Amino acid sequence: IRESRSLTGAVRAQRRRRRRKSNWSLYSLFADSKFACVGSPEPEKEFKFPICSSLVASPAGEVAVSSEKKVYDVVLKQAALVEKQLRKKTAAVEVAPEEVVVPGANSLLKEAYERCGEVCEENSAYDSREKKSYLGHLRRIDELVDGPNAFHITPTALDRWEARLEDVFAGRPYDMLDAALSDTVSYFPVDIQPFKDMIEGMRLDLKKSRYKNFDELYLYCYYVAGTVGLMSVPVMGIAPESQATTESVYNSALALGIANQLTNILRDVGEDARRGRVYLPQDELAQAGLSDEDIFNGKVTDRWRSFMKNQIKRARMFFQEAEDGVTELNQASRWPVWASLLLYRQILDEIEANDYDNFTKRAYVSKGKKLMALPVAYGRTLIRSSRKKKPGLVK
Ligand SMILES: CC(C)=CCC/C(C)=C/CC/C(C)=C/CC/C(C)=C/COP(=O)(O)OP(=O)(O)O
């Protein structure tokens, strides 16, 4: 009885929160429309019936928190860290005591950042040493699951990486690349959670090859890509003149990670199927009259086209949500973000141009189109951050 009372209490509290239209519920409704958009027979009703609530009661009486809510809590934590640092900066009237520099530490750190630079040489978008330290770390993590030794990766190895990550954040790096990361995260308001969550995404990849619904897929996309968005904002920086809330910028960054990952998934359906993996919501496949069998057979049918249209539409909604936030970033960070957004989103157009054959064709954006996107990206960089208050985006 006590359990059922607390369940009812929790659900009521949730409804109250929704009625009050707090920032969370506004975001939730907006995001829910993306959750709801697939499989809706009447497009005009898409926005009216959120499928995914933030608290879901199972028949067994357990209260399950939706992926969206879980991830949103990380967003709030990140935003709070940034705001705390901003407050500290404004309140700091005393001159900070001089830093004690261990002899030789500076040149070692310089070398550490140079090593990271070598790792991401071909990636000119990573223009600052802090971004390079991130990329050094991300490359190494990526190698674990995509590199030549990926077959040997075990949950224990991932646990060891997580323990190492904690040491890095505590200022105890194991090697040069770690040292650069350790230094970067000590200067910027970055929380360890997205870094840990990224490892969680790898754990998921070791044990899971099907996703029951979009809620499950969303969480996976957050783990493997949304986390990168959240890590990036503190280093990229929000424009000082921006009137947007820190939280809304983080939401956009998260949305860009999710959009990129969804696009990646839609582009690689055939490739993943050949590895026995289906990163598509099983319930939506079933609603469209499709099964894993159809994916493995790899035939483009009208059912497949219609299923794909809805998936593409959802990915575009996440890109759309990301767009607002790019303008709020520091001017210097906007160009690479705009360029990557415009280029990655074009993969969706290419899937359409391939008549939705993502079984045998890999959609890609040609060099010419990439070059054409760059001035457009630059033009967007010049759009000023919000100085006027916009509902849902203001401080
Ligand atoms: C929008 C705001 C406010 C900030 C930007 C925040 C950022 C940088 C978000 C982007 C996050 C990101 C780059 C996620 C990774 C997504 C992804 C699917 C990468 C694909 O990696 P690969 O699998 O190597 O891709 P390819 O196979 O296409 O090479």
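1. In this predicted model, helix H9 passes helix H10 in a right-handed crossing. The axes of H9 and H10 come within 7 Å and cross at roughly 135°, and that angle makes H9 oblique to H10. On the H9 side, the residues that make the contact include Tyr 218, Cys 221, Tyr 222, Ala 225, Gly 229 and Val 233, while those on H10 include Val 249, Tyr 250, Ala 253, Gly 257, Asn 260 and Leu 262. Sorted by class, the residues of this contact of H9 with H10 are 15 nonpolar and seven polar, with no charged residue.

2. The ligand is surrounded by 18 residues, of which the closest are Ala 225, Gly 229, Ala 253, Asn 260 and Gly 325. Two or more residues of this shell come from each of helix H9 (214-236), helix H10 (246-267) and helix H14 (302-326), and H10 gives the most, with eight residues. The shell around the ligand comprises 10 nonpolar and eight polar residues and no charged ones. Ala 225 and Gly 229 of H9, together with Ala 253 and Asn 260 of H10, also take part in the contact between these two helices, and these four residues are among the closest to the ligand.

3. Helix H9 also meets helix H8 (residues 193-207), and here the axes come within 8 Å and cross at roughly 155°; H8 and H9 are therefore roughly antiparallel to each other. The crossing of H8 and H9 is left-handed, whereas that of H9 and H10 is right-handed. The contact draws on Pro 194, Phe 195, Asp 197, Met 198, Glu 200, Gly 201 and Leu 204 of H8, and on Tyr 220, Tyr 222, Tyr 223, Val 224, Thr 227, Leu 230 and Met 231 of H9. By class, this contact has 10 nonpolar, two polar and two charged residues.

4. Helix H14, which also contributes to the ligand shell, pairs with helix H15 (residues 331-353), their axes coming within 11 Å and crossing at roughly 170°, which makes H14 roughly antiparallel to H15. The crossing of H14 and H15 is left-handed. From H14, Met 308, Ile 312, Ala 315, Arg 316, Phe 319, Ala 322 and Val 326 meet a set in H15 that includes Arg 334, Trp 338, Leu 341, Arg 345 and Glu 352. The residues of this contact divide into 11 nonpolar and four charged, with no polar residue.

5. As to confidence, the protein chain averages a pLDDT of 80, and 75% of the residues score at least 70. For the complex, the predictor gives an ipTM of 0.95 and a pTM of 0.79. Two stretches call for separate mention: pLDDT stays under 50 over residues 1-32, for which the model has 28 contacts beyond four places in sequence, and pLDDT also stays under 50 over residues 39-55, for which the model has 35 such contacts.

Technical notes. Residues are numbered from 1 along each chain as its sequence is written. This is a predicted model: local features need pLDDT of at least 70, side-chain atom pairs count only at pLDDT 80 or more; totals for chains, interfaces and linings use all residues. A residue is near a molecule or strand if its C-beta atom, placed from the backbone, lies within 6 Å of it. Helices (H or I, at least four residues) and strands (E, at least two) are DSSP runs, numbered from the N terminus. Ala, Val, Leu, Ile, Met, Phe, Trp, Tyr, Cys and Pro count as nonpolar, Asp, Glu, Lys and Arg as charged, and the others, Gly among them, as polar. Axes are lines fitted to C-alpha atoms, for helices over the stretch in contact, and angles run from 0 to 180 degrees between N-to-C directions. Angles under 35 degrees count as roughly parallel, over 145 as roughly antiparallel, 65 to 115 as roughly perpendicular and the rest as oblique. A crossing is left-handed if the near helix is turned anticlockwise from the far one by less than a right angle, and right-handed if clockwise. Two residues are in contact if their C-beta atoms, placed from the backbone, lie within 7 Å. pLDDT is the predictor's confidence in each residue, from 0 to 100.
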